[in-house]
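Colleague: Please take me through this model before I plan around it.

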Amino acid sequence: MAANVLNSQRAVQMAVFVVRAFLKMRALLGDKRELAKKLASLEKELKKRLDVHEVVIVTILQRVMDVIDPPALPPPPPKPRIGFKP
């Protein structure tokens, strides 16, 4: 992108460098299909754990909020009137 905008020799060199780096990364990762499968399975396992942890974290936060802002107590019962009752 920079080579298209800047139109300089240095920008062209950097564009070629970036393309070569991506080609090298693709070659390295292409040879490691087994590693990619293991990483995918690890990601699935971590997502399962996060789902469980997420539920626990939400529960903890709800309890903390209850401590910070407790639910309103019911009003006290009315006091009996003092005096003559016909």
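This is a predicted model: local features need pLDDT of at least 70, side-chain atom pairs count only at pLDDT 80 or more; totals for chains, interfaces and linings use all residues.

Colleague: Is Val 52 buried or exposed?

Modeller: Residues are numbered from 1 along each chain as its sequence is written, and side-chain values use heavy atoms, without hydrogens and water. Buried means under 20% relative accessible area, exposed over 50%, and partly exposed in between (1.4 Å probe, protein chains only). Because its relative accessible area is 53%, Val 52 is exposed.

Colleague: In which helix is the place of Val 52?

Modeller: Helices are DSSP runs of H or I with at least four residues, and strands are runs of E with at least two, numbered from the N terminus. The protein has 3 helices and 0 strands. Val 52 sits within residues 33-68, which form helix H3.

Colleague: Which helix has the highest confidence?

Modeller: The protein averages a pLDDT of 77. Confidence is lowest in helix H1 (residues 2-6), at a mean of 64. At 82, the highest is helix H2 (residues 9-30).

Conventions. pLDDT is the predictor's confidence in each residue, from 0 to 100.
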